[in-house]
Protein chains: 6
Amino acid sequence: MTQNLVYLNGEYVPASEAKISIFDGAISLGMTVTESTRTFAHQPFRLRDHLERLYLSLKAARFDAGMMLDEMEQLTLEVWEKNRPHYPADTDAWIIHNITPGQWVPSSGQKPPESKPTVMIVTLPLDLSYWAEFYRTGCHAVTPFTRVQPAQSLDSRIKNRSRFLYTMAESEVKQFDPMAQSLILDTNGFLSENKGGNFFLVTKNCIKTPSTINCLNGISRQTIFQLANQLEIPIEECQLLPYDVTTADEAFFTSTPYCIMPATKFNGITVGNGEVGPITRNLISAWSQLVGIDIQEQAQQSQQSLS
Amino acid sequence: MTQNLVYLNGEYVPASEAKISIFDGAISLGMTVTESTRTFAHQPFRLRDHLERLYLSLKAARFDAGMMLDEMEQLTLEVWEKNRPHYPADTDAWIIHNITPGQWVPSSGQKPPESKPTVMIVTLPLDLSYWAEFYRTGCHAVTPFTRVQPAQSLDSRIKNRSRFLYTMAESEVKQFDPMAQSLILDTNGFLSENKGGNFFLVTKNCIKTPSTINCLNGISRQTIFQLANQLEIPIEECQLLPYDVTTADEAFFTSTPYCIMPATKFNGITVGNGEVGPITRNLISAWSQLVGIDIQEQAQQSQQSLS
Amino acid sequence: MTQNLVYLNGEYVPASEAKISIFDGAISLGMTVTESTRTFAHQPFRLRDHLERLYLSLKAARFDAGMMLDEMEQLTLEVWEKNRPHYPADTDAWIIHNITPGQWVPSSGQKPPESKPTVMIVTLPLDLSYWAEFYRTGCHAVTPFTRVQPAQSLDSRIKNRSRFLYTMAESEVKQFDPMAQSLILDTNGFLSENKGGNFFLVTKNCIKTPSTINCLNGISRQTIFQLANQLEIPIEECQLLPYDVTTADEAFFTSTPYCIMPATKFNGITVGNGEVGPITRNLISAWSQLVGIDIQEQAQQSQQSLS
Amino acid sequence: MTQNLVYLNGEYVPASEAKISIFDGAISLGMTVTESTRTFAHQPFRLRDHLERLYLSLKAARFDAGMMLDEMEQLTLEVWEKNRPHYPADTDAWIIHNITPGQWVPSSGQKPPESKPTVMIVTLPLDLSYWAEFYRTGCHAVTPFTRVQPAQSLDSRIKNRSRFLYTMAESEVKQFDPMAQSLILDTNGFLSENKGGNFFLVTKNCIKTPSTINCLNGISRQTIFQLANQLEIPIEECQLLPYDVTTADEAFFTSTPYCIMPATKFNGITVGNGEVGPITRNLISAWSQLVGIDIQEQAQQSQQSLS
Amino acid sequence: MTQNLVYLNGEYVPASEAKISIFDGAISLGMTVTESTRTFAHQPFRLRDHLERLYLSLKAARFDAGMMLDEMEQLTLEVWEKNRPHYPADTDAWIIHNITPGQWVPSSGQKPPESKPTVMIVTLPLDLSYWAEFYRTGCHAVTPFTRVQPAQSLDSRIKNRSRFLYTMAESEVKQFDPMAQSLILDTNGFLSENKGGNFFLVTKNCIKTPSTINCLNGISRQTIFQLANQLEIPIEECQLLPYDVTTADEAFFTSTPYCIMPATKFNGITVGNGEVGPITRNLISAWSQLVGIDIQEQAQQSQQSLS
Amino acid sequence: MTQNLVYLNGEYVPASEAKISIFDGAISLGMTVTESTRTFAHQPFRLRDHLERLYLSLKAARFDAGMMLDEMEQLTLEVWEKNRPHYPADTDAWIIHNITPGQWVPSSGQKPPESKPTVMIVTLPLDLSYWAEFYRTGCHAVTPFTRVQPAQSLDSRIKNRSRFLYTMAESEVKQFDPMAQSLILDTNGFLSENKGGNFFLVTKNCIKTPSTINCLNGISRQTIFQLANQLEIPIEECQLLPYDVTTADEAFFTSTPYCIMPATKFNGITVGNGEVGPITRNLISAWSQLVGIDIQEQAQQSQQSLS
């Protein structure tokens, strides 16, 4: 990790030395708008889509990044090109954007007029070992009692790093099963999302996922829609309840690093027949073809290289 | 500010050089538990109460500060003593604690076992100029359409820095009146709190404030209860609605830096007769006596020294 | 206005003399079921649709108009024909129906058996000057903190004149920007409607509008569906949130008098590029063609004739 | 009734000729702020309390009556003195205030600058015959499925005449029992109020009533608190549910005209032993003593004089 | 009824002697998962669909029936064949499955390890006389104030016999009209279901019914979808409100015994023209053709045989 | 257990032979109103209070027990006296009442007119071994994601056996810790109750418990109020949240069999210092004194006699 150079407000610094002031809004207010993109075979995947969402988040949050979207894209590619030579061919990167409104002086309660946004662009080698086994066995989705905040408090589509409640929800379920993955409900009891990913289930050959009124409009989620259309599998957004998972044939999460994480157990109940299902496997294959990388194999190699 | 030494994970660094890794949970997850204490005449005010609340927040958040409460108190006083010589007699300090679970490596989705909490203890000169005028004229409390998250999402009593929604709420009202102070409702439409303080109103010589099911259990709020009891003014917790503010005789916010900020206008409607009311003034006086500082005068001097 | 004859319970009276008893249910209970139709080039637009909705509202409200729908339609045309000669060719009319259950004697708490419904049919010259500028610049949609009542209290589809809360909501936003137009949320935080119109947005060339579970099923709203189908623009009903407006490409309101009122700012944030968008402009054109009147031009002439 | 002179915007007109323009905000927006006071032995009861509430309602509604509270009180007494000579000794009066923002021109969507408030002050002989029998037998309280609007839509404490939903709720229960009195729930299922009165129950010698977060803060309700204190009967505000009525010993409504209306049946279930209970009877007696009129007897005479 | 043999935990007993221990979870916890199938011309209708739903309910309830689905189906047919000879040709049967987790010893608070599920399979002659008249005149749907529990408490799709609230809701409406059929709302005020059936309405030739987030996914409901598709009548799931019934052209309930029960009155208001509508009649005909039985005629014969 | 005679509809039958028809409303509708009383030193504890609550439940459920309260009390004592001789001195009894509306013939959807209530009165030896260890170590309270139904669906104060959701909630938490005790939240996220008991916590020497708007008004709960008053420990009803348990000094459940079950862990977090606290121990002692039995010792003996 130390080999990566981080873009930090116009300068390049080694990741291990990338630091920001403790008076930055990132720390004092959790006021970080963010994106996480990944590469496949060293090619950034849907970077433009990620950055467009980043700029919508900034607009909603009422502060700006100090540069236009095109410039941000150019800069991002530059950061990646700078670091890419240090990446082995079989190791992909995580590209992270963190944008904050900059210094926030607590004594005045307001951003001083001269404050400039803090822009961080980070690349990190994508260590997939944590998820490798889940492609084969599926994970255990567990529902915490903590609920995601309703959109009238904070719209989940604004991708941000005020993740206190999500982290608490994840801690709750890990109390009971250290490998559990949170599947959080909204305040009406409907399925929303994982601490860092979207959720899907398959019932009678139809894929279903919550609409984005209570969860992030994930780029990986959009890719599932694209792949389902390509594979001619019906897919729809609807309100889903725990009963839907209990009685589903298959279930999986999606997120930037692992793409698809099958879930084969839900609150201790077997999902379907307890194995990773055929539609989930087809989607992983189709995604692998789309990006020219065997996603599952890459993760398992990542795991072996660690052991 | 540059003269202040910040305690940062066992070391003292000048405030202007106090920085943390961009991979800290503070930034990547907004996972900072926090307290803000202030001094009066250089004496920390209710520091023990602040630290006890800090440790309850940590307990609820399921991570620890790496030291016991007594040690934290000792250390805090040490930080303050180190910086105090640089403070003029008429300038008080803000003492800020930020505790995070430490480094959060994004590629694994989990805190690495060796991770240690990040502990920041900061003192800053308390610049009260922003609030000085409000003691005399009262501020304008404005209700944003954004609502605080319900306790089943995140209990407002856990004092933390995942403040994205509060910052957005504050931005909303400042669109319309740059000097407006947000008075945020909960998802049932009841009054909850300001972005950084509690709210009180006075009706027929009785002080009323929301119960802590939807707001921080502020130390300043507790001081109001203490002073009201001392002054034999009835005070009660209850569910309050915008109508209660519209028809109140007086209204004010409380928070660590300014103690009491009168509100004389509410969404464009005059509160009471539009002047800072007698009970509010009595509370400011009683607080001033309690701490041996004329709170309003100190703020106004703070303002003059800037102009 | 004085030239208009109003139909009032079987008689024709000049508008300036049209009065009803202060004991009428209209005043003592806000119990008025209503419709507002307009003419284009002196032809009433979708009068039958308006009257059908009126009769559904009456059915739901459990009182009747004292005449059948056909009779009401005939009578309405008669009122219009009586007043039409006084309208210049370039001035259209607003046709208003107000139906109440009649006299409500307060001392008994019940409608006396002999009470007959009060029927008012009014025509008024349509002064469009207030909205004229908005066709060009768009208006500023602002979200009040007051929320529309949920359907389990009163279904918004029953068009009635118990509009106390809508009027308060409109007053709230006008405190901050005298030209602001309220965009009211429901009690779950979803977009519902304006004080007197429906709301639409355009995202990626798709038109979206709230379903009628929390807003009036406007006749102008129905006309938008008809025009969108004709223009082959996708249009759908869905749950919408403030974030959807913030990130939309275009937005507009619809209502009987102005047909379409573009919105180019939302709570201080620019919608799209801040200009009236191409789909909105196409809809205005298509509507103008449908009715044989240049809607925007008519409004601007209305404005000039006033200055 | 025809003998009563109504104060209408500075003039006195006979009640039968008291009319307002159909373009008044009372009719076009249901925008009437109101009070209903009654006399006992020709003395207005708590008139000042009613008028103070009226002025709080006006403040919340953001329009004014065109005169100060003292002037309104003076004027009200003048109206009553003018009409009083026509009232027999055993007939009391209902004094009604209706205040509206005045003319509301629909074509501009806004109150014209020259518009003046409409002020109506009405006295009517108090015909109590409708309620007379209920003092003896108790009424049947029935719960409609329609719910009162939540305070975040419209605070029930603003006494106004946008009563569409209350009138619908009352119609619902009268479908099933023509003598039923609605007891409406709020959107959380808690008891709120009747279409025109407050609700109380007695359990184990303690009086309970909903707090004013979902109902009018009735002057009659305040009188019950006063009388309960005087009689040393414990009384408290709390959240109440249908089960509380089903299992109560006694129940009653309060409202200006009838003061107390006992309820002895609730959705077909007998309340207590099915008779008007001792605490209810004591309250009626105490109220009668307070005002020097036998309330129950007056109502029964009112009934006889009609038959 | 005494002629029917009931399958009870491996034995056949006459219905009149079919009893279970008062310590069974059926009684002590209402913990019975259930299905009700019927025959048409002695052929079980969609038995497999019923049993598949039964096994999903058991999965969600976390206990099992002690046998596989195929075995349960075989056994069910065996029970029916055993009893069928006693059924006249014109009398059909109700086949009921009740499965409980078995004995529940209250003193330990837990199911003892040796406990075995209780399996009851019952056939009963289908007495349709109660519903016979409704095919001709339609029933009166009445809305109780009790609301179905939200899915986050108990998902309505788990068909179970903890029906306390549904029975109370039904009792409420029968207080007012002994022939009334409850149409229960959910806690948001949306239409959900009857105490034992689903609800549909017809508006402008389109059939609408609540989605299964707040009601049972009835097999009869599924049959309506099948028949509507066959008859090319548009059918959709959506959120429905009382206003939708008031303004509908037709309305009906569906349930296993009666298949379709038209509703022609709703809370005292006529639905459509007050007669059983053409689409409802077409659906009854199509269903009759599907099963080879004139459903309405069978019910009316059932009624005559009783008189 | 076989030695106990059960009262069943007028007859005495051995517990092992106590059975009811599978067509009883207990089974077909979960329509059982119930009470559980226990003896201390063979004396029934607050039997009258239990029976009064039973009769309130029956009233709310709109069916009756076929006998008056006094008769029920007499009968209950008779049942106990009949079985008491078989109870060793150190073994107490659980006295259970189950009342159902009787036979429910499914084909008519209605209770037949001749149906009589089913009355079961059961005594069982109180096996306290399951809870014995918890007096010493405290239990682990765990929050399931299932929520209790809101009172507008079914008021928790009606003690009934439609316990499907409570049993599911208990199963959820036992998935993760077989010794966990559910602490269920209501649909707003507030603490309500356990599957069979009430919950209390102690903070700063004050006892707090949810009000009965979302939980049973337990007789054991009432005993805690009585003992707290006697011990002069402040006790109050209020809305409580998970944070309150996390930060409490002590916590415990109450229920008829075990009286008080301390909780020392909450969702994996230690409550207080992790030991049974002094106020909890004082309450157990005071209760023991009240009933003349060392409650903890009795439970531990119960445990030893089993091993």
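Predicted model: local features only at pLDDT ≥ 70, side-chain atom pairs only at ≥ 80, totals over all residues.
Residues are numbered from 1 along each chain as its sequence is written, and chains are lettered from A and ligands numbered from 1 in the order in which they are written.

Six strands of chain D form an open sheet in the order E2-E1-E7-E6-E4-E5, with antiparallel pairing; two strands pair if DSSP finds at least two bridges between them. The edges are taken by strand E2 (11-14) and strand E5 (43-44) of chain D, each with a single partner strand, so one side of each has no neighbour in the sheet. Within the sheet, strand E1 (residues 5-8) of chain D runs antiparallel to strand E7 (residues 118-125) of chain D and is joined to it by two bridges. Tyr7(D) has Ile121(D) in E7(D) as its bridge partner.

Two helices lie across these strands. Helix H2 (residues 47-61) of chain D lies across strand E4 (33-40), E5 and strand E6 (93-100) of chain D, at about 175° to E4(D). Helix H3 (residues 69-83) of chain D lies across E1, E2, E5, E6 and E7 of chain D, at about 40° to E7(D). Axes here are lines fitted to C-alpha atoms, for helices over the stretch in contact, and angles run from 0 to 180 degrees between N-to-C directions.

How do H2(D) and H3(D) cross, and at what angle? Their axes come within 10 Å and cross at roughly 135°. H2(D) and H3(D) are therefore oblique to each other, since angles under 35 degrees count as roughly parallel, over 145 as roughly antiparallel, 65 to 115 as roughly perpendicular and the rest as oblique. The residues in contact (C-beta atoms, placed from the backbone, within 7 Å) are Leu47(D), Arg48(D), Leu51(D), Glu52(D) and Tyr55(D) of H2(D), and Leu69(D), Met72(D), Glu73(D) and Thr76(D) of H3(D). By class, this contact has five nonpolar, one polar and three charged residues. Ala, Val, Leu, Ile, Met, Phe, Trp, Tyr, Cys and Pro count as nonpolar, Asp, Glu, Lys and Arg as charged, and the others, Gly among them, as polar.

Chains A and B meet in a contact that takes 49 residues from chain B and 49 residues from chain A. On the side of chain B, strand E3 (19-21), helix H1 (25-28), strand E6 (93-100), strand E7 (118-125) and helix H5 (164-176) each supply at least two residues. The largest share, five residues, comes from H5(B). That side of chain B has 24 nonpolar, 19 polar and six charged residues. Strand E3 (residues 19-21) of chain A pairs with E3(B) in the antiparallel sense over three bridges, and Ile20(A) has Ile20(B) as its bridge partner.

A rotation of 180° with 0.0 Å of shift along its axis superposes chain B on chain A (RMSD 0.0 Å). The two copies are thus related as by a two-fold rotation axis. Copies are superposed by least squares on the C-alpha atoms of residues with pLDDT of at least 70 in both. Because 100% of the interface residues of chain B are also interface residues in chain A, the copies meet through the same surface.

Conventions: Helix = DSSP H or I, 4+ residues; strand = E, 2+ residues; numbered from the N terminus.
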